[in-house]
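This briefing sets out selected features of a protein chain.

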Amino acid sequence: MAKEYSGSPKPHQLESKRKRLTWVLGVSGLCILFYVLGAWQTTTTPINQSEVYTTRVSCNINAPQAGDGELNPSSLSSSAALDFESHHQIEINSTVSLHEFPPCDMSYSDITPCQDPVRSRKFDREMAKYRERHCPKSEELLRCLIPAPPKYKTPFKWPQSRDYAWYDNIPHKELSIEKAGQNWIQVEGHRFRFPGGGTTFPNGADAYIDNINELIPLTGGNIRTAVDTGCGVASWGAYLLKRDILTMSFARRDTHEAQVQFALERGVPAMIGVISSKRLPYPARAFDMAHCSGCLIPWYMYDGLYLLEVDRVLRPGGYWILSGPPIHWKKYWRGWERTKEDLKQEQDTIEDIAKRLCWKKLIEKNDLAIWQKPINHIDCNKSKVVYKTPQICGPDNPDTAWYKDMEACITPLPEVSSSDEVAGGALEKWPERAFSVPPRISSGSLSGITAEKLREDNELWKDRMTYYKKIDGLFHKGRYRNVMDMNAYLGGFAAAMSKYPVWVMNVVPFHSNPDTLGAIYERGLIGTYQDWCEAFSTYPRTYDLIHASGVFSIYQDRCDITNILLEMDRILRPEGTVIFRDTVEMLVKIRSITEGMRWKSQIMDHESGPFNPEKILFAAKTYWTGASK
């Protein structure tokens with residue numbers, strides 16, 4: 001019998017194939033139908049694009065006028081919230097979410113955990129080591145909320161805040177009495193006024209800066225970043241701002257009660273800090289200019305160790321400005337209550353150290369003396385034949401600065417091929433500097449970071465800022481002044497914010513790899529290293545807006561994130577705002593903790609849409625104060 005041709009299907013086989021195809025098409029159609037129905041049921045189509053943001057996060061201000069109010073915490077309870085608890089089946093520990101943190105006693109209202117005056121007494125007084133950071137152990141940390149003074153008010157808006165602050169916010173009159181003759185600060189009824197005076201410029205910082213400008217060019221964009229050592233209430237930094245110079249001011253916590261707190265209340269960048277035995281928490285080659293005005297730092301002691309540290313953080317070609325003792329000692333020696341011989345010896349020692357650092361003394365005129373660091377070390381290396389000490393440091397990383405001991409050697413500059421080449425690379429003038437490629441990136445010094453990655457990061461921040469601005473009132477003029485980025489990366493957030501009347505403290509976790517803080521300074525921005533398992537070197541209520549991108553995913557295995565959130569609460573002023581960016585799981589955990597901290601918050605989608613696993617949590621600290629005694 002002949003075989004049946006295999007290419008001709010039987011009738012029952014054709015019928016079976018038709019049934020299978022019909023079944024597949026039917027199931028696919030039902031899936032599509034139910035997906036569309038589900039999306040329609042859970043999504044309300046907004047009238048316009050901006051409604052997407054106002055309905056989901058409801059960050060409306062109390063008053064309709066732009067800049068006339070704060071992020072309204074009560075408005076963050078909108079029913080349009082993204083309910084990630086139900087959508088992601090995340091188990092929430094009810095004991096955590098229901099825990100409410102009590103207010104601390106009013107005696108802790110101005111606490112600075114790592115610069116506590118009582119704890120510091122236990123440490124060595126040599127080189128003022130007791131004034132350095134000495135943080136409490138984890139079991140010693142407060143698990144309560146730092147209260148604001150009973151009559152706390154929203155600070156004056158910039159630029160008025162440069163000259164005024166409410167007495168009720170910082171109820172300390174000590175400086176107005178102790179520094180009355182120097183015009184640091186005056187009490188006028190219920191407010192403080194800052195005339196702009198300083199220890200060596202009682203007639204005002206503006207005139208003093210004009211005198212400096214006659215000696216070195218402060219305008220034109222070549223000088224952008226500065227550091228003021230022993231800053232007082234930071235009037236020098238305050239008045240440099242109108243010249244587009246951004247100053248990192250620092251002073252120790254000492255008998256001058258709350259001088260750094262006054263600076264930050266004014267809206268001027270400042271930190272608690274001291275030149276002692278540890279490196280300053282800034283990278284090498286960070287500042288275009290360094291300044292000391294009667295700062296009482298013993299530059300002539302310890303074989304010039306403190307000037308060696310200034311040299312480390314100064315950029316090639318940077319300036320060091322000194323006024324006050326011992327400068328112009330022939331005129332002031334009686335008023336300083338020191339002998340001519342003593343003051344002359346001090347100045348001679350400083351001059352000798354500066355020569356050994358290869359600095360050039362540009363000028364000494366009236367009350368000012370200015371030195372300049374060389375642009376490279378070609379001639380300096382030759383001079384070591386004459387000056388045997390200090391030696392050039394070894395191949396240690398000069399940017400390492402977190403709890404790193406100072407070294408009695410000159411920090412080496414990057415090698416150059418000619419005597420007129422700027423070591424490490426020349427910088428663009430400000431404001432072009434903010435978006436040009438930093439030399440640390442163009443030279444390949446930062447592993448894995450290229451000019452293209454910087455460009456992509458800048459574009460990313462354009463999108464993010466557009467998204468943030470669509471949240472009603474978030475960037476109204478005057479709402480924020482002091483801003484912190486807890487994980488700054490390349491400083492993209494700060495660069496994008498540079499067109500607003502704000503300044504940003506760019507924080508780079510000290511263990512970051514690569515370490516990007518040097519590149520941030522090369523962009524004309526400022527910042528510091530930090531370990532977020534410890535308190536930040538500032539007073540309570542000193543920041544208006546905090547940005548925290550990926551911080552908690554980084555630290556979740558390093559320390560208790562509750563302590564980080566309590567630290568954020570300490571440094572955030574009442575009605576201040578926090579923007580968290582992290583995974584859904586982490587944001588839900590953060591939200592469950594902050595609900596017990598008197599914060600109101602809202603989770604919303606990533607700017608690229610709902611399918612991005614990273615989400616955003618907007619939070620507002622509610623207004624409350626401690627009780628009057």
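**Overview of the predicted model**

The chain contains 20 helices and 17 strands. The model is predicted, and 54% of the chain's 629 residues count as buried.

- Considering contacts between residues at least 6 apart in sequence, 69% join residues at least 24 apart.

- Helix 10 spans residues 305-313, and nine of its nine residues are buried, so the helix is largely enclosed by the rest of the structure.
- The buried residues of helix 10 are Leu305, Tyr306, Leu307, Leu308, Glu309, Val310, Asp311, Arg312 and Val313.

**Trp359**

- Trp359 lies in the loop that runs between helix 12 and strand 9 (360-365).
- The relative accessibility of Trp359 is 6%; because the cut-off for a buried residue is under 20%, Trp359 counts as buried.
- The C-alpha atoms of Trp359 and Gly318 are 9.7 Å apart in space, while the two residues are 41 apart in sequence.

**Helix 19 and helix 20**

- Two packed helices are described by the angle between their axes and the distance between the axes.
- For helix 19 (residues 561-571) and helix 20 (residues 584-594), the packing angle is about 60° and the axes are 11 Å apart.
- Helix 19 and helix 20 are therefore oblique to each other, and their crossing is right-handed.
- Helix 19 contributes Ile561, Thr562 and Leu565 to the contact, whereas helix 20 contributes Met586, Lys589, Ile590, Ile593 and Thr594.
- By residue class, the contact of helix 19 with helix 20 comprises five nonpolar, two polar and one charged residue.

Notes
Residues are numbered from 1 along each chain as its sequence is written. This is a predicted model: local features need pLDDT of at least 70, side-chain atom pairs count only at pLDDT 80 or more; totals for chains, interfaces and linings use all residues. Side-chain values use heavy atoms; hydrogens and water are left out. Buried means under 20% relative accessible area, exposed over 50%, partly exposed in between (1.4 Å probe, protein chains only). Helices (H or I, at least four residues) and strands (E, at least two) are DSSP runs, numbered from the N terminus. Axes are lines fitted to C-alpha atoms, for helices over the stretch in contact, and angles run from 0 to 180 degrees between N-to-C directions. Angles under 35 degrees count as roughly parallel, over 145 as roughly antiparallel, 65 to 115 as roughly perpendicular and the rest as oblique. A crossing is left-handed if the near helix is turned anticlockwise from the far one by less than a right angle, and right-handed if clockwise. Contact means heavy atoms within 4.5 Å. Ala, Val, Leu, Ile, Met, Phe, Trp, Tyr, Cys and Pro count as nonpolar, Asp, Glu, Lys and Arg as charged, and the others, Gly among them, as polar.
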